[in-house]
Amino acid sequence: MITLYNRGFTGTQFDFSTKDKFFEQEFIAIVKHDKIIFKRPTLDTTVRIRKANKICNTLKFSLSVNNITSGKYEIEQQEDNLIMYL
């Protein structure tokens with residue numbers, strides 16, 4: 001489960017909040033029109049590598065996403081990746 005909070009007036013910057021252990025290590029986020037794919041970086045990764053900040057028992061990070069609203073979203077594990085459907 002991931003909770004999204006809108007960060008600004010534009011509606012594209014969101015804070016993500018979760019307790020999923022996947023986000024304790026470095027990850028990359030691939031934003032598509034209908035989902036966000038979270039996966040581990042590889043040696044040839046060319047996109048920004050992210051790491052969530054741990055605040056108490058919650059992991060938090062920020063992303064820019066279009067066409068989404070604040071709220072709670074389920075995440076689904078497929079192989080070594082996590083997918084959040086929008």
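Reply: In strand E4, Lys 39 is the bridge partner of Ile 28. Please note that the model is a predicted one.

Me: Why is Asn 53 called exposed?

Reply: A residue counts as exposed when its relative accessible area is over 50%. The value for Asn 53 is 52%, and Asn 53 is therefore exposed. Asn 53 is placed in strand E5 (residues 53-55). Not counting residues up to four places away in sequence, Asn 53 touches Thr 58, Leu 59 and Lys 60.

Me: What makes Thr 58 count as buried?

Reply: The term buried requires a relative accessible area under 20%. Thr 58 has 16% relative accessibility, so Thr 58 counts as buried. Thr 58 is found in strand E6 (residues 58-64). Leaving aside neighbours within four places in sequence, its contacts are Ser 17, Thr 18, Lys 19 and Asn 53.

Me: Why is the pair of Phe 16 and Phe 61 called stacked?

Reply: The structure holds eight aromatic pairs, including that of Phe 16 and Phe 61. Two rings pair if their centres lie within 6.5 Å, and planes under 30 degrees apart count as stacked. For Phe 16 and Phe 61 the centres are 5.0 Å apart and the angle between the planes is 15°, so both conditions hold and the pair is stacked. The pair links distant parts of the chain: Phe 16 is in strand E2 (residues 13-18) and Phe 61 in strand E6, 45 residues apart. Phe 16 is buried, with a relative accessible area of 0%, and Phe 61 is buried, with 6%.

Me: Why is the pair of Phe 23 and Phe 38 edge-to-face?

Reply: Planes over 60 degrees apart count as edge-to-face. The planes of Phe 23 and Phe 38 stand at 85° and the ring centres are 5.1 Å apart, so the pair is edge-to-face. This pair also links distant parts of the chain: Phe 23 is in the loop between E2 and E3, and Phe 38 is in strand E4, 15 residues apart. Phe 23 is buried, with a relative accessible area of 0%, and Phe 38 counts as buried at 0% relative accessibility.

Me: Which residues form the aromatic cluster, and how do you know that Arg 40 lies over the face of Phe 22?

Reply: The cluster is formed by Phe 16, Phe 22, Phe 23, Phe 27, Phe 38 and Phe 61. For a charge to sit over a ring, its distance to the ring centre must be within 6 Å. Arg 40 is at 3.9 Å from the ring centre of Phe 22 and lies over the face of that ring.

Notes. Residues are numbered from 1 along each chain as its sequence is written. This is a predicted model: local features need pLDDT of at least 70, side-chain atom pairs count only at pLDDT 80 or more; totals for chains, interfaces and linings use all residues. Side-chain values use heavy atoms; hydrogens and water are left out. Helices (H or I, at least four residues) and strands (E, at least two) are DSSP runs, numbered from the N terminus. Buried means under 20% relative accessible area, exposed over 50%, partly exposed in between (1.4 Å probe, protein chains only). Contact means heavy atoms within 4.5 Å. Two strands pair if DSSP finds at least two bridges between them. Rings of Phe, Tyr and Trp (its six-membered ring) pair if their centres lie within 6.5 Å; planes under 30 degrees apart count as stacked, over 60 as edge-to-face and the rest as tilted. A charge sits over a ring if NZ of Lys or CZ of Arg is within 6 Å of the ring centre and within 35 degrees of the ring normal.
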